[in-house]
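Please consider the structure shown below.

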Amino acid sequence: MAEAAGGNFFEALGIDWKLLVLQTVAFLVLLWFLAKFVYPPLTKMLEKREADIEAGVKAAQEAEQKADAAKAEMDKLLKEARHDASDIVSTAKEEATAAIEAAGVKAKARAEQIVADAHDQIEKDVSAARTVLHNETLELVTLATEKVIGKTVDAKVDNAVISAAVKEAK
């Protein structure tokens with residue numbers, strides 16, 4: 001009865017036990033076939049893909065580190081370039097200041113030379129004017145003496161009178 005009850009049970013559920021055994025064997029054969037021929041290449045492919053992904057992540061991390069290092073180097077170079085530019089500008093300012101000061105000193109020396117030359121020229125002109133004035137005064141005194149005395153005075157008397165007149169004028 002157990003067999004009949006067991007057979008009736010599968011029949012009551014609508015299951016053919018022979019077909020169930022055949023399907024179980026077919027499933028086990030399919031499972032063995034998949035485990036033998038399909039899963040190993042599939043597993044290898046997945047492992048390869050995982051390794052490629054890990055390598056990509058590692059390469060991305062290395063690229064990021066290199067980019068950070070390059071950025072740091074670029075910042076360092078920019079800082080150095082700014083410092084060098086600042087030095088160049090300050091040197092140029094110092095050179096310009098020195099050139100302006102040198103030009104000022106040169107201009108001052110030239111102005112002093114022009115003033116000295118002008119003083120020398122003025123002294124020469126004054127000396128020449130005194131000489132001319134002295135000679136004209138002598139001539140005027142001679143003319144005045146001739147008019148007052150009414151006759152020409154010789155050179156000795158003329159010089160004596162002129163010298164006395166000049167001494168009194170000073």
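Phe 33 and Phe 37 both belong to helix α2, where four residues, about one turn of the helix, separate them. Helices are DSSP runs of H or I with at least four residues, strands are runs of E with at least two, and both are numbered from the N terminus. The model is a predicted one, in which local features need pLDDT of at least 70 and side-chain atom pairs pLDDT 80 or more, while totals for chains, interfaces and linings use all residues. Residues are numbered from 1 along each chain as its sequence is written, and side-chain values use heavy atoms, leaving out hydrogens and water.

Rings of Phe, Tyr and Trp (its six-membered ring) pair if their centres lie within 6.5 Å; planes under 30 degrees apart are stacked, over 60 edge-to-face, and the rest tilted. The count by this rule is two aromatic pairs. Trp 32 and Phe 37 are edge-to-face, with 6.2 Å centre to centre and 90 degrees between the planes. Phe 33 and Phe 37 form a tilted pair, at 5.2 Å and 50 degrees. Phe 37 is partly exposed at 47% relative accessible area, and Phe 33 is partly exposed at 41% (buried is under 20%, exposed over 50%, partly exposed in between, with a 1.4 Å probe and protein chains only).

Asp 52 forms a salt bridge with Lys 48, their closest N and O atoms lying 3.7 Å apart; the term requires a side-chain nitrogen of Lys or Arg within 4 Å of a carboxyl oxygen of Asp or Glu. Asp 52 and Lys 48 are four residues apart in helix α2 (residues 17-149), so about one helical turn separates them. Lys 48 is exposed, at 57% relative accessibility.
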